Amino acid sequence: MTAGARTIGSVVGKALVGIFFVCYPVLVWLGLSNRSPRYLAGMLLCVVLPVAAFRMARSRRAGLRGLAWAPLVTVMGLLLSATLDAAGFMLVVPVAINAIFLVVFVTSLRSGAMPMVERFARLQRSDLSSEQKVWCRLWTVIWSWFFVANGTTALVLAVAAPLAWWAAYNGLIAYMLMACLFACEWTVRRRRFSRG
């Protein structure tokens, strides 16, 4: 296989992973409206198992490997739902994913570690100034608080709200909030550091 074909395969694979996780809440909502949790979980497992295998195989960068656990948590939630014929395990998958991201981001803030936002920044630019490193640490803290708020909201909706509300938040609103936070950080960073 040529390097170009591998690159295309990697891009397509990442796009499929992203599409699945964006669509997951909507698929759960639609599926639970018409099918049993066991049936739906089995169908979703057919999709997510290859996604999880692909994601783990592609998690070669040691600094970003912790983020590859999200598909595995989804597999575990679906397996429990299928085994116990219980929808709740599917509904807490977004909570568990936020918890994983929170742990990865918070542990990157410990002394001597590289903050997660700095790891992403270094994928684009290897030399960062002291001011840029401080900026990356601050935004790692901000993202950590976002994951606390987002995971808490997902948990409350999973436990005490109609399924449609859970799907709307986890399948649309949460991604819009993430996009706004990312765009805000990116825009301000470009203005502050474009000359440095």
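The analysis rests on a predicted model, in which local features need pLDDT of at least 70, side-chain atom pairs count only at pLDDT 80 or more, and totals for chains, interfaces and linings use all residues. Residues are numbered from 1 along each chain as its sequence is written, and side-chain values use heavy atoms, with hydrogens and water left out.

The secondary structure of the chain comes to 8 helices and 0 strands. Helices (H or I, at least four residues) and strands (E, at least two) are DSSP runs, numbered from the N terminus. From that end, the elements run α-α-α-α-α-α-α-α. The chain has 196 residues, of which 38% count as buried. Buried means under 20% relative accessible area, exposed means over 50%, and partly exposed lies in between (1.4 Å probe, protein chains only).

Helix α3 covers residues 69-84. It has 16 residues and reaches 23 Å from its first C-alpha to its last. This is close to the 22 Å expected at 1.5 Å a residue. The expected span is 1.5 Å times one less than the number of residues. Several residues of α3 are buried, among them Ala70, Pro71, Val73, Leu78 and Ala82. Thr74, Gly77 and Ser81 are also buried in α3.

Asp85 itself lies in the loop between α3 and α4 (88-91). Its relative accessible area is 34%, so Asp85 is partly exposed. The C-alpha atoms of Asp85 and Tyr39 are separated by 8.2 Å, while the two residues are 46 residues apart along the chain. Tyr39 also takes part in a charge-ring arrangement: Arg35 lies over its face, at 4.4 Å from the ring centre. A charge sits over a ring if NZ of Lys or CZ of Arg is within 6 Å of the ring centre and within 35 degrees of the ring normal.

Aromatic contacts were examined next. A search of the whole structure finds 6 aromatic pairs. Rings of Phe, Tyr and Trp (its six-membered ring) pair if their centres lie within 6.5 Å; planes under 30 degrees apart count as stacked, over 60 as edge-to-face and the rest as tilted. The ring centres of Phe105 and Phe147 are 5.1 Å apart and the planes are at 70°, so this pair is edge-to-face. Phe105 lies in helix α5 (residues 93-107) and Phe147 in helix α7, so the pair ties together parts that are 42 residues apart in sequence. Both Phe105 and Phe147 are buried. For Phe147, the relative accessible area is 5%.

Phe147 also pairs with Trp143. Their ring centres are 5.8 Å apart and their planes are at 35°, so the pair is tilted. Both residues lie in helix α7, 4 residues apart, about one turn of the helix. An α-helix has 3.6 residues a turn, so residues three or four places apart point the same way. Trp143 is buried, with a relative accessible area of 11%. Ring pairs link Phe101, Phe105, Trp143, Phe146 and Phe147 into a cluster.

Val104 and Ser144 are 40 residues apart in sequence and 8.9 Å apart in space, C-alpha to C-alpha. Val104 counts as buried, at 13% relative accessibility.

Helix α7 (residues 130-160) packs with helix α8 (residues 163-193) at an angle of about 170°, with the axes 11 Å apart. That makes α7 roughly antiparallel to α8. Angles under 35 degrees count as roughly parallel, over 145 as roughly antiparallel, 65 to 115 as roughly perpendicular and the rest as oblique. Axes are lines fitted to C-alpha atoms, for helices over the stretch in contact, and angles run from 0 to 180 degrees between N-to-C directions. By class, the contact has 19 nonpolar, 4 polar and 4 charged residues. Ala, Val, Leu, Ile, Met, Phe, Trp, Tyr, Cys and Pro count as nonpolar, Asp, Glu, Lys and Arg as charged, and the others, Gly among them, as polar.

Two residues of α8 complete the account. Leu163 is found in helix α8 and counts as partly exposed, at 23% relative accessibility. Its C-alpha is separated by 8.8 Å from that of Leu91, 72 residues apart along the chain. Arg192 also lies in helix α8. At 44% relative accessibility, Arg192 counts as partly exposed.
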